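Dear colleague,

I am passing on the structure below, together with some notes on a few of its residues. Please have it open while you read them.

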Amino acid sequence: MGRCTTPFPPPPHSPRGSPSVSPSCSTTSPLPPLPWDGMGSGCGAMGGEQSLAMPPEKGPHRVGCADVMVGHTQQGLFFRLFYPCVPRDGAERPLWIPRYEYCSGLADFSGYSRRWCAPLLSIAIGSCRVPLSWKAPFKPCSNGYPLIIFSHGLGAFRTVYSSICMQMASWGFVVAALEHRDSSAAMTYFCTAQSIQEQWIPHQRVPRGQKEFYYRNNQVHHRAKECARALQLFRDISSGKSIPNVLPQGFNLSVLKDSIDLAKAAVMGHSFGGVTAVLALVKEPRFRWVALGWEGHKGAMDTCAHPTRCAVALDAWMFPLENVLYPEVPKPVLFINNEKFQTPDSVAKMKRLSSRNSQTKIITILGSVHQSQTDFAFLTGKLISRVFNARGTLDPYKCLDITSQAALAFLQRHLDVREEFARWDRLLEGIGDSIIPEAPFCHSNL
């Protein structure tokens, strides 16, 4: 692995938990291209060399990615788009941690002082790059690619699941990895219309004196609405509406027209994003009545001709969802759990859904921990891996293979995609190495 140059410098310090304004909008810091070995990039030393050793694409498509921001208010959308691309020689590889501010957010979320932790994180992982082609030309598809809306977990953000999103895109999906603006992300921002300034939204803990369920329940409903708006955005693009990407030199969304099959849309997420995906299925009948929340389209309505058809929930945190909604989940869900996270109460809620729908499946990956389905599992340095509790006993590459293959088999079954993903159907029954059906309580120790 190649060693990285000095990572981006920190911005002026702002008090923890307070929003900050930056003078211009961009999604990455202006670093020069770094050495690349085809697997991952070396990062600065912190208790030994750190590397983000993600595997390359397993599917037939090369994958590009770009950031998309729609609207100039907090009610807009922000996501990283992963898509099949036309390969380019010498293509730029995007930073995994896109801005220094995200190091500050990770420090806050982890409970460490951002004054010392954020600079150390920047040195350790701030220069890691992802094996994707940044803003590569989109590869058109006359039949249309199926669509996945991806929802991140608590304290995460749009780039932390690049490994799973990249694998899904390599098999012919377009994936929009949202960065939620409900204060559950480690950090996020939007660009104001005036002076194109960045308004940052830091992570917020549950306010003192407030019950966590009510706070998280409000957030999960906010998140599900963002999933609804994302699906509506792709409907608008497919109908030929001009949707500006407000980021400087941003990805042109019009190239997606006629290349996405909205009849084959699914929601996917990890942890808090897993329960968000479940709730998005409940809200699906209301998608047709959601008023668009970005400038130029306020109050617009659209008929929901193409509903989301299923969800994939990675180690879902079921706590924030109210019990009254479980009978209303109308469509199948695949729960892919890790061995070292779930509780009996959470598993019981999943089983309530599987008892009502025989197509809902629950499987558990043995030897995995909650962070095994994030990119943190691919950090090779021992110190950072321990800080984020990112490694179980199962090899992270095998965990990624099980997760992606089970998801692909499930999506083929319910989206009628043409690829031969049925070869992995046995995983949906919990049959295979390092995988079991259901989620026995004895394997759950949160």
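The model is a predicted one, in which local features need pLDDT of at least 70 and side-chain atom pairs count only at pLDDT 80 or more, while totals for chains, interfaces and linings use all residues. Residues are numbered from 1 along each chain as its sequence is written, and side-chain values use heavy atoms, with hydrogens and water left out.

Ser-183, although not a glycine, has a positive phi of about 70°, and it sits in the loop that runs between β8 (174-178) and β9 (187-191) (strands are DSSP runs of E with at least two residues, helices runs of H or I with at least four, both numbered from the N terminus). With a relative accessible area of 10%, Ser-183 is buried (under 20% relative accessible area, with a 1.4 Å probe and protein chains only).

Ser-434 is another residue other than glycine with a positive phi, here near 65°, and its place is the loop between α9 (425-428) and β15 (435-437). Ser-434 counts as buried because its relative accessibility is 16%.

Asp-261, by contrast, belongs to a strand, β11 (residues 260-270), and at 17% relative accessibility Asp-261 is counted as buried. The side chain of Asp-261 reaches the backbone nitrogen of Ala-263 at 3.0 Å. Leaving aside residues up to four places away in sequence, Asp-261 touches Asn-143, Gly-144, Tyr-145 and Pro-146, where contact means heavy atoms within 4.5 Å.

Note on methods: Buried < 20%, exposed > 50% of the residue type's maximum accessible area, 1.4 Å probe, protein only. Polar contact = N/O pair within 3.5 Å; in protein donor to acceptor, adjacent residues only side chain to side chain.
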